[in-house]
Amino acid sequence: MNRKLNILGINGSASSNSSNLAILKRIAEIGWSDFDLTILDNLAELPHFKTELTNENIPSKIRVFWDLIRKADGIIICTPEYVFSIPSGLKNAIEWCVSTTIFSDKKIGLITASASGVKAHAELKLIMEAIQTNFTKDTTLLIQGVKGKVSKEGEIIDTKTDDELEMFIQSYKKLIKTPVAVTV
């Protein structure tokens, strides 16, 4: 019997009742038989990035954050777009990881859910590529006009979006099960 995968879901939104959180919760529902999704929804609590604290005197919240990443079989980031970019809290969290290899070869799913999201989605893919994560075209998803697709109660009310999430999860499970290629 295969063990359930441990997936870390990172909510890039600073809003307490965001559409991105609703999407991560829906992903947890869709994938429950294959993985447990732990949702990190408190990026604002991470201290502001300081280069000099990445080797010595590392803040305890950052150590906990790194530990969540290390223990995860994979990560799904779901974020809005703020002023044509990823939110500062998400950028800050990623910056804490740049001087490490914690994200190297980590299997990643990337979702940008916003009014437009085009620029943030491109930026997120570029950043994740730069820190050497492992994702495919099929494990990225841009959900435009998200406010009309998620109810105020946090339910996905757009059938097409729900279908896209199902396909995203199928592609992500396939990526997770694919061994990382080792180059010699």
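Trainee: In what order do the elements of the protein chain run from the N terminus on?

Mentor: This is a predicted model. Its protein chain holds 5 helices and 5 strands. Read from the N terminus, the order is β-α-β-α-β-α-β-α-β-α.

Trainee: What radius of gyration does the protein chain have, against that of a compact globule?

Mentor: The C-alpha trace spans about 50 × 40 × 25 Å along its principal axes. For 184 residues, a compact globule would come out near 16 Å. The protein chain agrees with that, at 16 Å.

Trainee: What share of the residues of the protein chain count as buried?

Mentor: Buried means under 20% relative accessible area. The protein chain exposes about 10,000 Å², with carbon and sulfur atoms supplying 53% of that area. Of the 184 residues, the buried share is 46%.

Trainee: How far apart do the centres of the positive and negative side chains lie?

Mentor: The protein chain has 22 positive and 22 negative side chains. The distance between the centres of the two sets is 2 Å.

Trainee: How many disulfides are there by the distance rule?

Mentor: A disulfide needs two cysteine sulfur atoms within 2.5 Å. The cysteine sulfur closest to that of Cys78 belongs to Cys97 and is 18 Å away, so the gap is too far for a bond. Cys97 is likewise in no disulfide. The count is 0.

Trainee: Is Cys97 buried or exposed?

Mentor: The cut-off for buried is under 20% relative accessible area. Cys78 has 0% and is buried. Cys97 has 3% relative accessibility, so Cys97 counts as buried.

Technical notes
Residues numbered from 1 in each chain as written. Predicted model: local features only at pLDDT ≥ 70, side-chain atom pairs only at ≥ 80, totals over all residues. Heavy atoms only, no water. Helix = DSSP H or I, 4+ residues; strand = E, 2+ residues; numbered from the N terminus. Rg over C-alpha atoms; globule rule 2.2 N^0.38 Å. Buried < 20%, exposed > 50% of the residue type's maximum accessible area, 1.4 Å probe, protein only. Areas by Shrake-Rupley, 256 points an atom, 1.4 Å probe, with all protein chains shown as cover. Lys, Arg positive; Asp, Glu negative; His and termini not counted. Charge placed at Lys NZ, Arg CZ, Asp CG, Glu CD.
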